[in-house]
Amino acid sequence: MSEYIYEYDMPPGRYVWMGNTAMVEGALAAGCRFFAGYPITPQNEVPERMSQRLPQVGGRFIQMEDEIGSISAVVGAALGGLKAMTSTSGPGFSLMQETMSWAAAIEVPIVVGEVQRTGPGAGIVSLPHHSDIIQAHYGGNGEYQVIAFAPATSQELFDLTIEAFNAAETWRTPTIIFSDSWLGHIHEEVKVPPLDELKKRVIPRKKVAYDAEGKPLKRQQYLPFTMYDKKAGEYKISITPNITTEYFPEWLPAVTHTPQSIPNEFQESSEIMVTNINNKILANEEKIVKIDEYFTDDADVALVCYGLPYRTALRSVKMARADGMKAGLFRLITVWPFAKKAVRELSQKVKKILVPEINIGQIVIWVEAAVEDGTEVKPIPAISRLHEPKELYNEIKEALN
Amino acid sequence: MSLPPYTPERPRHPYEDMPYTGRKFGQAFHLFCRGCGYGAIGQLLCRVFKEERLDEKKHPFIVGVGCYSIIPLILPGRIWMTLHGRTLPVATGIKLANPDVTPICLAGDGDNLSIGTNHFVHACRRNIGIVLIMLHNNIYGMTGGQAAPTTPHGMNATTAPYGFLETEFDAVSLAISAGATYVARWTTAHPRQFMKSVKKAIKWKGFAFIDMVSQCPTYFGRKNDMAQPVDVFNWIKGNSIPINKAEGLSPEELQGKFIVGEFKESPREELSEKYIELIKRAREKKK
Amino acid sequence: MTRTEIKIAGYGGQGVITLSKMIAAAAILHQEGITATQTEAYGAQARGGACWAEVVISDEEMIDYPRAIVPVDVLMVFSEEAARNYKGEVKKDGIAIFDPLTVRPRKFKVKAKRYAVPANQIATEELKMPVTQNAIMFGAFIGITGLIDEESGRQCVRDFVPSKFIDINLKAYERGLEIGKKLKEEESS
C-alpha cells in the first residue's frame, strides 16, 4: 500500500529536541515507516512520538504485547517492504536478542534504538549506564555481527539514526543506536536540513535488483542472501527480499540455509552461512566503521571513548592542551564492528591509552586486543554516572607523569 | 561440497503442476511419520489454494516451529518460517505494512498456547486480518513427545511418565474471550468441514482462528496405548462432538471431548483498515 | 570559549524543568551565536520529590560536557532542601536566586551575590494566577544575568505558553524582568 506512504514533512530549521525525539525524527527522515514498541523507561518518548508522527507521514505504529512481539513485528514489516525500527531499554533489549540473532541469520535490515539504563536486573531507570555494549554484539545465540552507532548529542541522534538506517539497508544486518537515559532526555539544538539535502543522504529501500549492465534481475538470477563472489573477491549483498514482490524466496527459513534460501542440515551449508553473514561485515570493516580523532597527531596519551563520555573527554583534552599536555581524543562513532585497525594505528602513535566508559570496562577489552606494540591501556570506569572533566584531566596528567 | 541444486524455475501457471502431494523443490517424498495427520492437512491446504485460485503474493504462509514445520514442503506459495511461537507478531508486521496481504499462519499448540500465548491473545484482541490455523496434536512431536499445554489430563508424555497432572487449554474458549471474530475447531476426521472453514477464514475481515486437531501416532499414540495410527485417529473421532449436540451436555460429559464446529462469527472492524483511516485522520488534522 | 553553568533545584511541580527548558530554548532558538544544553532529573517533574535541572549556555559550536560543572555560575533554588544541598556549589562571584516564600534567607547563606525574587507572591497576589511564577522567574533570570536578550525572552514565553495565556504570562515576564533589573541596580549601587 505504497500510496499511503508520504515524504518526511518536518520543515527545515532549528529545533530544541529531547534526545529521544531527535532519534524519532532522524528515523522518520531516514524513511522509517513502521515502528513497533513496548513501554519501558527511559525510552517511552520514542513510541509516544512515533505514534503521533508516523501516521502523519503514512507510517504504521503498533504497541505490541512485549518486546519479543515488537521486534518480531519489525522483522515482519521489514520484509513486508517498509523500513522499520523498534526501541527499548535494558531488560527489553535482552528479550529481543533471540529475534536479533534470527534477523541477522535471514539478513533483515532492522534498527533498534537502545536507550540504556543501569542494570543488572531492573536497575535504575533514570541513570545512564552503557551496560549493554557487549550484549548487543554477543547477546543472541549463534555468531553474527551487528552495526552499532553511539551518538553523543541530540543532533547526532538525528544524523546517526539516518546513518544507522543506511547501514542496515546496505549491509542487511541488525543495526543498533546506543543512547542512554541521559542522552535520551537531554534537550539540545537540532538542525533539520532541507528535504532535498536529506534525500541525498538517505539510501532508499530497493524493490528491484539490477545486474552490472543495469538490467533488472530476473527472479532466477536473484540471490536472497549474501554470497561470496570468488572472482571479485568480495561479498555480494543483494537487495532485501519483499514479501509482495517477485524476489521473495519460495521458502524463507529460520534454520540454516544456503544463499539460495534452501534450508538444509549440511555442515558445509552452516559454514557458508555463518562465514557470509559475519564476513560481509568484518571484511568491510573500513567501509562501515566511523571514527573521529582530535589532536592525536602529536599526542602522548589518547582517550578512546564513545557516546556521552566522548563529550567529557573532549572537555578534559581541551583543558589538558591548554595546560600544555599532549593529550588526544579518539572517538568511536560506530562501536560495532570494532575499529580494530584504527585503534591499532592509534596505539602506534601514542604511549598510553585511557578508556573512559560508563561501565566496568566493556570496550577496553577490545582496545587491549587491538594493541600490538605493548602500549599501556587503562580503563577508567564510571558506574551509572558521567565522568567529571576534572577526573579525566587528572588521569591524563597522571598518565603523562 | 555437495549442496542440493536450486531449481528456481517457476511453473508457467502457479497451479499447473501442483499435485496434491506437493511440488516444493520438485520433491516426491515427505517427512511425516506413518499415520501423521499433518500430511493430510497440508494436502487440504493445497486443495484450498488450488480451488480458490489464491494469489501467492497475497497469501504467504507464516510458519512457526514444530512437527508441522515440514508441512510447507508440500504447500504452494511463499513460506516464511519464523522462530518458535513468533508467527503472529511477524504476520502482524506484514499485515500492517501491506493491508492487502492476508498472511496464513500455521502454528502448533506449543507455539500458540505455550511460548506464544501472549501474541495469540493479543492478535485476537486486535482483530488484525490474519488467518491462524493451529495444529493441535496434544504433544510436542518434534522434540520427542513432551507434554504440551493441550495434553489431556492423565495422559502420558515423555515429560509426564506418570500421567499429566495439569488441565489442558481450550484454545477455542481462549480465542473467543480474547475477541477473535471467527473461531472454529475441526479434526482430521472432518476434512471437508475444515476446507470450508479455511476458505471462509481467508475471506474473513479480521482475525480468523481454526483449531485443527490432528493425530500423533508416534508419540501421543505410543505413550497412551494406541499402538496403531488408526487408533489415535479413532480416539479423536470418537471424542469429537458437533457443537449443536454438545449444547445440551453437562461439563462432566464434555470432559476430554473435542467439540467441533464453528463457534463464533461476529464481524468487527479490522485493524489495518482502521489504521489507514487513522492515517487519513492524522494527515487531515495536521493541515 | 565561554560557558555559563546554571543549576535550578526545587520540588517537582514547581516549574524547575519548565524554567530550564525555557532558558535553553531562548538561548537556542531566539538568540544568535549561542547554544544551550539542558539536562534534568528524569521523571521527577510529574511525580514530585526533589528535582533539579541544569542548563549550559555557550558560544561554542557544540557544547562538550553536557552537565553544569561545579561550582556553577548561576544557582536557582526553590526549596529549603535544595538550598541546603546545593548552596556550596555556586561560585563565589556567581549568582544565587531564590524565592523568599519557599526558602528562608537565613537558610540560604552563600558567598555568591544573592537575589530574592518573590515570584510566588506576585503570581498569586498581583496576577492571581500561580502558574505565572515561571514567567516571573524567567524574567528575573534574564534581568539579573543578562545572558539572554529581553526580546528573545519575550519570544520564548510566546512559544511556551498556550495561546490564551500569552498575555498574562508576558505581563508576568515583564514584571520579573523589572524586578531582576531593579535587584541588579541595587547591587551595583
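This is a predicted model: local features need pLDDT of at least 70, side-chain atom pairs count only at pLDDT 80 or more; totals for chains, interfaces and linings use all residues.

Visitor: Which strand of chain A pairs with strand 8, and in which sense?

Guide: A general idea to carry along is that side chains in a regular strand alternate between the two faces of the sheet. Here, strand 1 (residues 13–18) of chain A runs antiparallel to strand 8 of chain A, and the two pair over six bridges. To find the pairing on your screen, look for A:V16, whose bridge partner in strand 8 is A:E189.

Visitor: What does strand 8 of chain A pair with in chain C?

Guide: Strand 2 (residues 35–40) of chain C pairs with it, also in the antiparallel sense, over two bridges. There, A:E188 has C:T37 as its bridge partner.

Visitor: And how do the chains touch one another? Which pair has the most contacts?

Guide: Two pairs of chains touch, and chains A and B have the most contacts. Chain B and chain C are not joined by any contact; their closest C-alpha atoms are 18 Å apart.

Visitor: Now the domains. Where do they lie in chain A?

Guide: The domain assignment gives domain 1 as 2–201 and domain 2 as 292–400. Taken over C-alpha atoms, their centres are separated by 27 Å.

Visitor: How much area do domain 1 and domain 2 of chain A bury between them?

Guide: The size of an interface is often given as the accessible area lost when the parts come together. For these two domains of chain A that is about 2,000 Å², with 63% of it on carbon and sulfur atoms. In residues, 28 of domain 1 are in contact with 23 of domain 2.

Visitor: How many salt bridges and polar contacts are found between these domains?

Guide: The rule finds two salt bridges across the interface, and 14 residue pairs are in polar contact. In a salt bridge, the side chains of A:R331 and A:E156 meet at 2.7 Å, N to O.

Visitor: Which element gives the largest share of the domain 1 side?

Guide: That is helix 5 of chain A, with five residues. Elements giving two or more residues to that side include helix 6 (154–171) and strand 7 (175–180) of chain A.

How values were computed: Residues are numbered from 1 along each chain as its sequence is written. Chains are lettered from A and ligands numbered from 1 in the order in which they are written. Side-chain values use heavy atoms; hydrogens and water are left out. Two strands pair if DSSP finds at least two bridges between them. Helices (H or I, at least four residues) and strands (E, at least two) are DSSP runs, numbered from the N terminus. Domain bounds come from an automatic or database domain assignment. Contact means heavy atoms within 4.5 Å. Buried area is the accessible area (1.4 Å probe) that two parts lose on being put together, summed over both. A salt bridge is a side-chain nitrogen of Lys or Arg within 4 Å of a carboxyl oxygen of Asp or Glu. A polar contact is a pair of N or O atoms within 3.5 Å; within protein, one must be able to donate a hydrogen and the other to accept it, and residues adjacent in sequence count only if both atoms are side-chain atoms.
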